[in-house]
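Trainee: I would like to learn how to read domains, interfaces and a ligand site. Where do we begin?

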Amino acid sequence: MMTLTYQNITTAVEDQIGVVTLNRPKVLNALNHELMDELVKALEAFDRDDEIRVIVLTGGERAFAAGADIKEMSDETTVSIMYKDRFSTWDRIKNIKKPIIAAVSGYALGGGCELVMNCDIIVASETAQFGQPEINLGVIPGAGGTQRLTRIVGKYKAMELILTGRPFTACEAHQMGLVNKVAPVELFLDEAKAMAKEIAKKSPIAVKLAKESILKTFETTLNEGLQFERKNFYMLFSSEDQKEGMKAFMEKRQASFKGR
Ligand code: CO8
C-alpha cells in the first residue's frame, strides 16, 4: 500500500485490520476540513487495500471527536458554506465498502456523534459521552444526525436529544441500540479490534455484500430490499469463498477465505 502521511490522524495496520486514529487532541479532535480530508483518504486507501478486511476508527481517550470545528465554521454564510461543499467528504465515507468499527471514548458530540453513526458497529468505553448539541449553537445536526439518530432511536428520543442537545452516556446509548458494546476505558479499543479480527476471518466478499444489504434497509421498501438481498445471495455462489466455506463445513474443518 502507498504510505500517505497525515497531520491530523494516524493510521496503522494490525493483522488484517486498518486502524485510523483521529489526532487533534488539543481541540478534542474537532473535525476541521483538513482532518476530514485526511480521514476520507485514509478510509478509501484501506478500502482499496486487499490486505485489509475491517477498519477500526478511533480517537483519544478524552475525545473521539467534539464535533465540527466551530472556529472554522463560525464566520460562514449560507453561500460560502454551500460552495465549500464540506459534506462531499461525508458522502465518500458513506460509500466505504468494508465494515468500519467505531471505538469511542470520551466526547462524541455533534459531527463526532454523526461520524460514529456513519460506522457499522460501535464499541464505547464507559466514559464515552454522546450528544447532538448543535441546537446550543443555533444550528441543527448537518452530517446526518437528524436522519440517522432518528432511524436508530425513534422519533421521540431523537426529538428529545436533538432539541435539548443534552449529552448521553455510553450506557444510555447502549440501551437505545446506538452502541453494540460498552467496555472499561482500558479495554474499549481492544474489544473493537477483537470484533474486527472475528469479522476479518470471514469471506470479505460475503462481509461486503452483507454490509451493503443491511444498509439497503434504510433506502428502500421491504420487497425491494428482499430482492436486493436475494441477488447478492445468488452472486456469492460465483465466489471461491462460497465453495470453500461449504466444503470446509462438510469436511468438518475451519474455512480459509481468500476473498475470491
Ligand atoms: N470546535 C473547535 N474547537 C473545539 C471544539 C469544537 N467542536 N470542541 C472543543 N474545542 C476546543 C476548545 O475550544 C478548547 O480549545 P482552547 O484550549 O484553545 O480554548 C479545547 O478544544 C478544549 O476544550 P474545552 O476547554 O472546552 O474542554 P472542556 O473539557 O471544558 O469541555 C466540551 C469539553 C464539553 C466537549 C466542550 O469543548 C464543548 O462543548 N465543545 C463543543 C461541542 C459542540 O458543540 N459540538 C458540536 C459542534 S457543531 C457540529 O458538530 C455540526 C456538525 C455538522 C457537520 C459539519 C461538517 C462540515
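Mentor: Begin with what joins the parts. This is a predicted model. Across the interface of domain 1 and domain 2, the rule finds one salt bridge.

Trainee: Which side chains meet in that salt bridge?

Mentor: Asp120 and Lys211 do, with 2.7 Å from N to O. The cut-off for such a pair is 4 Å. Polar contacts are counted too: three residue pairs between domain 1 and domain 2, both residues at pLDDT 80 or more. By class, the side of domain 1 that touches domain 2 has six charged, four nonpolar and no polar residues.

Trainee: How is the size of an interface given?

Mentor: Often as the accessible area lost when the parts come together. Here, about 690 Å² is buried between domain 1 and domain 2. Carbon and sulfur atoms give 61% of that area. In residues, ten of domain 1 are in contact with seven of domain 2.

Trainee: Now the ligand. Which residues come nearest?

Mentor: Of the 25 residues around the ligand, the nearest are Arg62, Ala66, Ala68, Ile70 and Gly111. Then look at the atoms.

Trainee: Which atoms of Ala66, for one, lie 2.9 Å from a nitrogen atom of the ligand?

Mentor: A backbone N or O atom of Ala66. Ile70 also has a polar backbone atom 2.9 Å from a ligand nitrogen. For Ala68, a backbone N or O atom lies 2.8 Å from a ligand oxygen.

Trainee: How much of the ligand does the protein bury?

Mentor: Compare it with the ligand taken alone. That exposes 1,100 Å², and the protein buries 65% of it.

Methods
Residues are numbered from 1 along each chain as its sequence is written. This is a predicted model: local features need pLDDT of at least 70, side-chain atom pairs count only at pLDDT 80 or more; totals for chains, interfaces and linings use all residues. Side-chain values use heavy atoms; hydrogens and water are left out. Contact means heavy atoms within 4.5 Å. Buried area is the accessible area (1.4 Å probe) that two parts lose on being put together, summed over both. A polar contact is a pair of N or O atoms within 3.5 Å; within protein, one must be able to donate a hydrogen and the other to accept it, and residues adjacent in sequence count only if both atoms are side-chain atoms. Ala, Val, Leu, Ile, Met, Phe, Trp, Tyr, Cys and Pro count as nonpolar, Asp, Glu, Lys and Arg as charged, and the others, Gly among them, as polar. A residue is near a molecule or strand if one of its heavy atoms lies within 4 Å of it. Accessible areas come from the Shrake-Rupley method with a 1.4 Å probe; for residues, only the protein chains shown count as cover.
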